[in-house]
Amino acid sequence: MDRRTESVLLLAVGAVGVRFGFSDAALAYLKPSFQPILLIAGVVLVLLGGHGLLRDSARPGSPGGGEHGDHDDHGGPGVAWLLAVPLLVLLLIAPPALGSFAAGRQGPVASVSDSGFVELPAAREGAVDLGLRDFVTRALQDPERSLDGVPVRVVGFVMPDESGDGYLLSRFTVACCAADATAYTTRVVGDGERPADTWVEVTGRWEPGDGDVPVLEADTVTVVPAPEEPYEY
Amino acid sequence: MSDLQVTDERRRLGRFVPELFVLVLVAAVLLRPRVAGWFDSATLQTWSTVFVSITLQALPFLVLGVVVSGAVTAFVPSSLIARLLPDRPAVAVPSASLAGAVFPGCECGSVPIAGRLTSLGAAPAAALAFMLAAPAINPVVMAATAVAFPGQPEMVLARFLASFAVAVVVGLLWSRFGRGSWLRLPRRAVPEGANRWDVFAGTARHDFLHAGGWLVVGAAAAAALQVFIPRSLVTTVATNEWLAVLVLAGLAVLLALCSEADAFVAASLSQFSLTARLVFLVVGPAVDIKLIALQAGTFGRGFALRFAPLTFVVAVSSALVVGWWVL
């Protein structure tokens, strides 16, 4: 790989960094607070690539670093071509946010922490808005049973399930990027079946019971568009 | 004669590589609606999502790493590095490990830095100790661990002690038993005598392309393992302590999580004992698939084949000892 190719590759990778620094498309892969440092990294790469191109054109008689020829070959290791793979994957597959397939492979989370829970937020239009992680952890391990009898509203995607009533409702929590995503899942009963990966907003009540998946008795279920932030953080 | 002609021919074709590359990217954008249907499989899509997110997430840390390695090469005289990291392992290894504690990087950033430090004359044992310590015990990682394990400060302490011990022990072992011939040092990317900024940019560029390529290998492998080995399988062994330790150690290698995020995953693996989860946290930043690929690329395959098992064994033992003592 010669210097010019190197520089173009760096520009391309840098451009992806800059784009994802701004665009919501990055939220399928990363948490929002990660975007600024991705943007900075992209700018640095664009600068490095640009510097390489300028240097090269500034040196007459060496188009493409030809003057260095094979000596310069180690400068552009062949393995660098692999950097084009994520670019092509992004362009061709444009992978979506993790969904029911990935959630189904994780199995239930047991307890998450032994620390106490804060007071439930105030209700809005007759129900408390809760993240799925909050709902699942409170349902499974809150000694105060703060969910008992409280109408709640949660948003998640549908994961069909043959083994019991209704379907599973799931949403991922991400600490850093989608690679560390953990799915929090509850069972929704009283709403029949729904196709996989449909995003729904469920208003209902926690149905106390044992087992490692809590049960949510649905009052109303609305299909909603996939949220801009597909994960909880 | 014919050799020369072939090289000439190749060069002539090679001149158009950047343009071809750009054409391929443009074609990919234009063709996307037509080929989208080919990639519908849930397995492939999940793999792609995880692969892309590991790569994107490592990118800023890698950039930070190569900027530092470029700056060290261009602006720090070799004599100073040799003096700061002298060939006296008893002093250099612990101090290099402590230096790692203030460098807020992910594991992928510290590999190119260690490579440059070594090729600039630092004692390899010290550079390796830095490489192990930096991603494991820096303040960001410690803070993330504290957040992930609320009300359990002993977890933070245990992680610090165990990871610090890994860096020191592996460094000392390497200085005692390691051979120079096992290391293939990174070559200078820019010829001697060039302007400093050119040295800086050239080194950073070279190290980024090199480490970036290997990062892609590691990310692809880690994503494949995540997709093909369901996490639910892992949690079924939690009851047997020894098995649990081995499985979580193996999982840390296979998942290749960023050291700033692994505490949250460890927290969610609550079927396992704290000691088993400490093993997960200590092994992960020291040895994982992505790191093995990066190290093989930076220091050579012979190095990675020896270093990865050594680090793995030391990390597991250190975490077990500290776990029994502190937790």
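## A tour of chains A and B

Begin with chain B, which exposes about 13300 Å², with carbon and sulfur atoms supplying 69% of that area. The model is a predicted one. Chain B contains 16 helices and zero strands. Of its 327 residues, 56% are buried. Among the contacts in chain B with a separation of 6 or more, 83% join residues 24 or more positions apart.

**Annotated segments of chain B**

Next, select the segments that an unreviewed UniProt entry annotates as "transmembrane region"; they include residues 12–31, 155–174, 242–266, 278–297 and 303–326 of chain B. Two of these segments may be displayed one after the other. Residues 242–266 of chain B are 76% helix and 0% strand, with end C-alpha atoms 17 Å apart.

**A patch on the surface**

Now select B:Val22, B:Val26, B:Val29 and B:Leu30, which form a nonpolar patch on the surface. Together these four residues have about 350 Å² of accessible area. B:Val22 belongs to helix 2 of chain B, residues 17–35. Is B:Val22 buried or partly exposed? Its relative accessibility is 39%, so B:Val22 counts as partly exposed.

Move to B:Arg159, which is found in helix 9 of chain B, residues 153–177. B:Arg159 counts as buried because its relative accessibility is 0%, and buried means under 20%. Show the residues in contact with B:Arg159, leaving aside neighbours within four places in sequence: among them are B:Ala136, B:Thr145, B:Ser259, B:Asp262, B:Leu278 and B:Pro285. To see how the chain returns to this place, select B:Val279 as well: B:Val279 and B:Arg159 are 120 residues apart along the chain, while their C-alpha atoms are separated by 8.8 Å.

B:Val282 is the next stop, in helix 14 of chain B, residues 274–286. B:Val282 has a relative accessible area of 1% and is therefore buried. Which residues is B:Val282 in contact with, leaving aside its neighbours within four places in sequence? They are B:Ala162, B:Ser163, B:Val166, B:Ala315 and B:Ala319.

**Chain A**

Turn now to chain A, where the secondary structure consists of five helices and six strands. From the N terminus on, the order of elements is α-α-α-α-β-α-β-β-β-β-β. Chain A has 233 residues, 50% of them buried. Its accessible surface is about 9900 Å², and 57% of this belongs to carbon and sulfur atoms. Residues 24 or more positions apart provide 67% of the chain A contacts with a separation of 6 or more.

Select helix 5 of chain A, residues 132–141, whose buried residues are A:Leu132, A:Phe135, A:Val136, A:Thr137, A:Arg138 and A:Ala139. What do the buried residues of helix 5 of chain A pack against? Their partners are strand 2 (151–159), strand 3 (167–173), strand 4 (182–189), strand 5 (199–207) and strand 6 (215–223) of chain A.

**Confidence in chain A**

Finally, colour chain A by pLDDT. The average is 82, and 88% of the residues score at least 70. Over residues 61–75 of chain A, however, the pLDDT is below 50, although this stretch has 20 contacts in the model beyond near neighbours in sequence. Where pLDDT is low, predicted coordinates should not be read in detail.

Definitions and conventions: Residues are numbered from 1 along each chain as its sequence is written. Chains are lettered from A and ligands numbered from 1 in the order in which they are written. This is a predicted model: local features need pLDDT of at least 70, side-chain atom pairs count only at pLDDT 80 or more; totals for chains, interfaces and linings use all residues. Side-chain values use heavy atoms; hydrogens and water are left out. Patches are made of residues with over 30% relative accessible area and no salt bridge: like charges are joined within 9 Å, nonpolar side chains (Val, Leu, Ile, Met, Phe, Trp, Tyr) within 5 Å. Accessible areas come from the Shrake-Rupley method with a 1.4 Å probe; for residues, only the protein chains shown count as cover. A salt bridge is a side-chain nitrogen of Lys or Arg within 4 Å of a carboxyl oxygen of Asp or Glu. Helices (H or I, at least four residues) and strands (E, at least two) are DSSP runs, numbered from the N terminus. Buried means under 20% relative accessible area, exposed over 50%, partly exposed in between (1.4 Å probe, protein chains only). pLDDT is the predictor's confidence in each residue, from 0 to 100. Contact means heavy atoms within 4.5 Å. UniProt positions are given in the numbering used here, feature names are shortened, and annotations may be inferred rather than shown by experiment.
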